[in-house]
Amino acid sequence: MHLRQCQNFHDFRLMARRRLPGPIFNYIDGAADDEVTYRRNTAAFEACDLVPDVLRGVADVDLSVTVMGQKLALPVYCSPTALQRLFHHQGERAVAAAAGKYGTMFGVSSLGTVSLEEARRISAGPQVYQFYFHKDRGLNRDMMTRAKQAGVPIMMLTVDSITGGNRERDKRTGFAIPFRLNLSGIAQFAAKPAWALNYFTHERIALPQLDSHVDMGGGAMSISRYFTEMLDPAMSWDDVAAMVRHWDGQFCLKGVMSVEDAKRAADIGCTGIVLSNHGGRQLDGSRSAFDQLAEIVDAVGDRLDVMMDGGVQRGTHVLKALALGAKAVGLGRYYLFPLAAAGQPGVERALELMRVEIERAMKLMGCKSITELTRRHLRFR
């Protein structure tokens, strides 16, 4: 399949599956336990119907939104994800450039394979730095200072990953960082020599945000040990409140799912939250973010910006979330599969398809701007 033939998420997923060794594809595609939440995330959108208006004069449609003080040309953004240069040698560089071209937000992860400073140089557009809470409080402060110096406007603390999820697909192949493959995993790598050639003929993958703590080559610490040894499961609201005060700017919590926690986030001064179950990769059996969206918007939507991610595969999914009150919608696998399949052209193709889908759906809904989407346009089965 050629990139121009890709028309949707499923096409990109198939193209990535053909290119990537099985263990890496399954690292992106997999989720925790029985992957119930992973499937539920998309199914939640399918239980909601759109009710369009007609004859509204929609020749011109404005897709822009403002979230956490940042103006986005699209109501979607590229959620920060780890290890992107493992999927394609361009990694975060491709995502930063594509997001900049489309005027939307992207993020660099603590476990990103390109430095947040380099990503900032590639795109001057809205950028977040996604980080984890470490036992080493000095490291936490250093990470915030580094982001401030780089000119990153938004800190995004992930709060649903104080320990790693049970990702059984990875266990079956022995997939780990650094590589610790079993025979099945090795055989699957051997079946995709083009990926290996690409991997070994480009610069060595590193983790610039944590280069003195985690070594992709097998020295300091593995990714799994990072989650079990460096992250602090004792993280509390008091700890996060101190970080919000220290940052003194746009601060977002990613992984909030309950009304009570959303209210607490507003109380300590957060300016945004992302409703997220980590794409089903952490707590299997968790409710979908879309299903939680309305009650959380009702509870705190006037106090902070509510975003969501998880299971988004279509422009109509985005419209449903916006109609419920989300200020913007995060994309994860939606851009990771195109990245893995074709690098920057793949991410750009995916964002263009999403832009076209949203614009078309807005016209068919009879809405000229995102603010015109309301709950009266929805019916739940």
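This is a predicted model: local features need pLDDT of at least 70, side-chain atom pairs count only at pLDDT 80 or more; totals for chains, interfaces and linings use all residues.
Student: Let's start with α1 and α16. At what angle do they pack, and how far apart are their axes?

Tutor: Helix α1 (residues 9-19) and helix α16 (residues 333-342) pack at about 40 degrees, with axes 8 Å apart. That angle makes α1 oblique to α16.

Student: Is the crossing left-handed or right-handed?

Tutor: The crossing of α1 and α16 is left-handed.

Student: Which residues meet there?

Tutor: From α1 you have Phe9, Phe12, Arg13, Met15, Ala16 and Arg19. On the α16 side they meet Arg333, Tyr334, Phe337, Pro338, Ala340 and Ala341. Sorted by type, the residues of this contact are 9 nonpolar, 3 charged and no polar.

Student: OK, switching to rings. How many aromatic pairs turn up in the whole structure?

Tutor: A search of the whole structure gives 11 aromatic pairs. One of them is formed by phenylalanine 9 and phenylalanine 337, and it's edge-to-face, with 5.7 Å centre to centre and 65 degrees between the planes.

Student: Where do those two sit in the chain?

Tutor: Phenylalanine 9 is in helix α1 and phenylalanine 337 is in helix α16, so the pair links distant parts of the chain, 328 residues apart.

Student: And are phenylalanine 9 and phenylalanine 337 buried or exposed?

Tutor: Phenylalanine 9 counts as buried because its relative accessibility is 5%, under the 20% cut-off. Phenylalanine 337 is buried too, at 0%.

Student: What about tryptophan 195 and tyrosine 199: is that pair stacked or edge-to-face?

Tutor: Their ring centres are 4.8 Å apart and the planes are at 15 degrees, so the pair is stacked. Both residues lie in helix α10 (residues 193-200), 4 residues apart, about one turn of the helix.

Student: Why would that spacing put two side chains on one side?

Tutor: An α-helix has 3.6 residues a turn, so residues three or four places apart point the same way.

Student: How accessible are tryptophan 195 and tyrosine 199?

Tutor: Tryptophan 195 is buried, with a relative accessible area of 3%, whereas tyrosine 199 counts as partly exposed at 22%. Ring pairs also link both of them with Phe189 and Phe200 into a cluster.

Student: New topic, α12. Which residues are buried there?

Tutor: In α12 (residues 237-247), Asp239, Val240, Ala241, Met243, Val244 and Trp247 are buried.

Student: What do the buried residues of α12 pack against?

Tutor: They pack against β6 (127-131), α7 (137-150), β7 (154-158) and β8 (250-256).

Student: And what follows α12?

Tutor: Aspartate 248 follows α12, and its phi is positive, near 55 degrees.

Definitions and conventions:
Residues are numbered from 1 along each chain as its sequence is written. Side-chain values use heavy atoms; hydrogens and water are left out. Axes are lines fitted to C-alpha atoms, for helices over the stretch in contact, and angles run from 0 to 180 degrees between N-to-C directions. Angles under 35 degrees count as roughly parallel, over 145 as roughly antiparallel, 65 to 115 as roughly perpendicular and the rest as oblique. A crossing is left-handed if the near helix is turned anticlockwise from the far one by less than a right angle, and right-handed if clockwise. Contact means heavy atoms within 4.5 Å. Ala, Val, Leu, Ile, Met, Phe, Trp, Tyr, Cys and Pro count as nonpolar, Asp, Glu, Lys and Arg as charged, and the others, Gly among them, as polar. Rings of Phe, Tyr and Trp (its six-membered ring) pair if their centres lie within 6.5 Å; planes under 30 degrees apart count as stacked, over 60 as edge-to-face and the rest as tilted. Buried means under 20% relative accessible area, exposed over 50%, partly exposed in between (1.4 Å probe, protein chains only).
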